[in-house]
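Please consider the following explanation, which begins with the ligand and its surroundings and then turns to selected details of the protein chain.

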Amino acid sequence: MVGAGHTRFGALAEGPRALLRQAVDAAVTSVDRGFDRSSIGEGFLGTLGFSGWQLGNSSAILAEEARIPRVPVSRVENACASAGFALRAAIRAIESGAQDVVLVAGLEKMTDAPSTRRRYWLGVSGDTEWERLAGLTFAGVYGLMASVYLAQHHVLPEALAEVAAKNHAHGALNPNAQFQKPVTREQVLASPFVADPLRLLDCCPVTDGAAALLLAGEEKAHAFTDTPVYVAGDGAGSDSLALQDRGSLTSLAATRRAADEAFRRSALDRSAIDFLEVHDCFTIAELLALEDLGYAPPGGAAALELSGATRLGGSRPVNPDGGLKAKGHPIGATGASQAYEAFVQLRGSAGARQVRGAERALTHNVGGSGASATVTVFTV
Ligand code: COA
């Protein structure tokens, strides 16, 4: 990565075109030695669908707003993992030698849609017959996972509340975050239920935002900067769409597969990673991620979180940018936003939320309730 840009996340006045333009312009400006857009050979846009406003052919909008109208751009749609998979496509384009320089952008404009339409629209990323048409929302899907997890591992909801409190504390240090206010565990546990045992403060919010990345092949990267951030290895995995068809409700096989591939490709050990950006769309998802990525045994992520190890200043910080929980979760933008965090952290420019001495980072992006996942390992 030679450049990365990020808009503010939240309920924003800007429309999708303006958000894409802002993120791409910021990525271009971030390139140390200047960047000529004519060097971009291909683009990939991660998006679920602009609140249903531009469901088809939205890749053309990235080409227009990035001012690369003759460059091939493809939309990649894997629900909340859209940008993670767009990044994967960009890595493959460069690795294969097909392209030298590739643009990845992620975007979602969610707050335009009224809540009933949004519920339907988000639900299209889950199983239609057995989940959406039966009335199960995403909070409901993760609520089922959480209730099984708590019962199976004899874990109290305090562990979920700690994930929310930690990520809100981190978000308070991130000027791009939707929520920049700390909350206590007690406040989380007193917030209203959304899908028992998940409460309001266990949920990611509804968010507008975009992020963009500029990738170049290793040879070419040094023409743009002396301090590129390298992709050491990446992986992806899939699983059944419907929860009922999966082997477990407390482990995402797609994450496990993606992590195994990413660590195999990078030839790095899990212990070498300085901080993690994991997909915490609901607090339970962060616990499952830590276990599926290999950082805690089944049921062990709860104690890890409660020990403080995952906080900034702890032995392995998780979601220093506030995560989906506090930074916000504009569906198709999240994977690119996570890579943006790796870019600024590994270059030592993350400001108040800087992970001291960070040299290796892992990002983890999940589609829907776990039908797909990507894991990417970055180094300096
Ligand atoms: N975390 C913390 N605070 C939140 C919040 C969240 N996730 N969502 C809303 N709030 C706050 C708002 O800022 C507002 O605070 P205020 O009264 O001080 O201004 C208040 O709660 C009410 O906000 P509102 O927008 O009316 O909430 P809502 O009830 O319409 O929506 C959720 C709350 C949890 C249902 C909604 O955020 C949601 O659907 N989240 C999940 C999105 C999702 O499923 N994404 C895909 C994941 S796979």
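**The ligand and its surroundings**

A nitrogen atom of the ligand lies 3.3 Å from a polar backbone atom of P205, a polar contact being a pair of N or O atoms within 3.5 Å. The protein covers 57% of the 920 Å² of accessible area that the ligand has on its own; such areas come from the Shrake-Rupley method with a 1.4 Å probe. The model is a predicted one, in which local features need pLDDT of at least 70 and side-chain atom pairs count only at pLDDT 80 or more, while totals for chains, interfaces and linings use all residues. Residues are numbered from 1 along each chain as its sequence is written, and side-chain values use heavy atoms, with hydrogens and water left out.

Two further backbone contacts involve nitrogen of the ligand. A backbone N or O atom of C203 is 2.7 Å from a ligand nitrogen atom, and a polar backbone atom of C204 is 2.8 Å from a nitrogen atom of the ligand. In total, 15 residues surround the ligand, the closest being L201, C203, C204, P205 and K325; a residue belongs here if one of its heavy atoms lies within 4 Å. By kind, this shell divides into 13 nonpolar residues, 1 polar and 1 charged.

How many aromatic pairs does a search of the whole structure find? The search finds 2, where rings of Phe, Tyr and Trp (its six-membered ring) pair if their centres lie within 6.5 Å.

Finally, the backbone deserves attention. Most residues other than glycine have a negative phi, and most peptide bonds are trans. H154, however, is not a glycine and has a positive phi of about 50°. A cis peptide bond joins D196 and P197, with omega about 10°.

Key: Polar contact = N/O pair within 3.5 Å; in protein donor to acceptor, adjacent residues only side chain to side chain. Nonpolar A, V, L, I, M, F, W, Y, C, P; charged D, E, K, R; others polar. Phe/Tyr/Trp six-rings, centres within 6.5 Å; stacked < 30°, edge-to-face > 60°.
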